[in-house]
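Please look through the sequence and the structure shown below before reading on. The report that follows takes up one residue, then the chain as a whole, and then a pair of packed elements.

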Amino acid sequence: MSEGVIPLQAYLIVAALMFALGAWGVTIRRNAIVVFMCVELMINAVNLTLVAFSDYLPKAHGAGSGYAVVVIAIAAAEVAVGLAIVIAVFRTRRTVNIDEIDSMKG
C-alpha cells in the first residue's frame, strides 16, 4: 500500500457507520425533521460507497461518481417534497411528531 492512500476498507467502514447511525436515528427518533436528516445520512453513506468503489475499481470509469450525482439529485427532490409535507402537516396539526400523525386527513 502506498503512503497517503486511504484504503477502500476505511471508506466502507465509515459508510457503514454512517448508514447504521442513520438507520438507528430513523427507528428511534419521533421528530419528522430529524428522521429526514437521518435518511439523508443514510443516502450520503451510499454515495460514499459508490464514490469509493468508483475510485478503486479500475474498470468502473467513474460510473460510481455518476450514480452518486443522480442519487444526490433524487435526494434533493425527496427532501423538498418531504419538507413541504412536514410544513403542511405542521400548519394543520402544530406538531412534527410522527407518532401523532396517523392519517393524511387535514
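## A residue to start with

In which segment does Arg 94 lie? In this predicted model, Arg 94 is found in the segment after α3, and with a relative accessible area of 61% it is exposed, since the cut-off for that class is over 50%.

The backbone at this position also deserves attention. Most residues other than glycine have a negative phi. Arg 94, although it is not a glycine, has a positive phi of about 60 degrees.

## The chain as a whole

The protein chain contains three helices and zero strands, and when its elements are read from the N terminus on, they run α-α-α.

As for its dimensions, the C-alpha atoms of the protein chain fill a box of roughly 60 × 25 × 20 Å along the principal axes. The radius of gyration of the protein chain is 18 Å, whereas a compact globule of 106 residues would have one near 13 Å.

## Surface and contacts

Of the 106 residues in the protein chain, 22% are buried. The accessible surface of the chain amounts to about 7,300 Å², and carbon and sulfur atoms hold 71% of that surface.

Among the contacts in the protein chain that have a separation of 6 or more, 55% are made by residues 24 or more positions apart.

## Helices α2 and α3

Two packed helices are described by the angle between their axes and the distance between the axes. Here, helix α2 spans residues 32–56 and helix α3 spans residues 63–93, and their axes come within 8 Å of each other while crossing at roughly 175 degrees. Because an angle over 145 degrees counts as roughly antiparallel, α2 and α3 are described as roughly antiparallel to each other. Sorted by class, the residues in the contact of α2 with α3 are 16 nonpolar, five polar and two charged.

## Asn 47 within α2

Which residues does Asn 47 touch, once its neighbours within four places in sequence are left aside? Asn 47, which lies in helix α2, is in contact with Ala 68, Val 71 and Ile 72.

Is Asn 47 buried or exposed? Its relative accessibility is 6%, and a residue under 20% is classed as buried, so Asn 47 counts as buried. Arg 94, in the segment after α3, is by contrast exposed.

Conventions. Residues numbered from 1 in each chain as written. Predicted model: local features only at pLDDT ≥ 70, side-chain atom pairs only at ≥ 80, totals over all residues. Heavy atoms only, no water. Axes fitted to C-alpha atoms, helices over the stretch in contact; angles between N-to-C directions. Helix = DSSP H or I, 4+ residues; strand = E, 2+ residues; numbered from the N terminus. Parallel < 35°, antiparallel > 145°, perpendicular 65-115°, else oblique. Nonpolar A, V, L, I, M, F, W, Y, C, P; charged D, E, K, R; others polar. Buried < 20%, exposed > 50% of the residue type's maximum accessible area, 1.4 Å probe, protein only. Contact = heavy atoms within 4.5 Å. Rg over C-alpha atoms; globule rule 2.2 N^0.38 Å. Areas by Shrake-Rupley, 256 points an atom, 1.4 Å probe, with all protein chains shown as cover.
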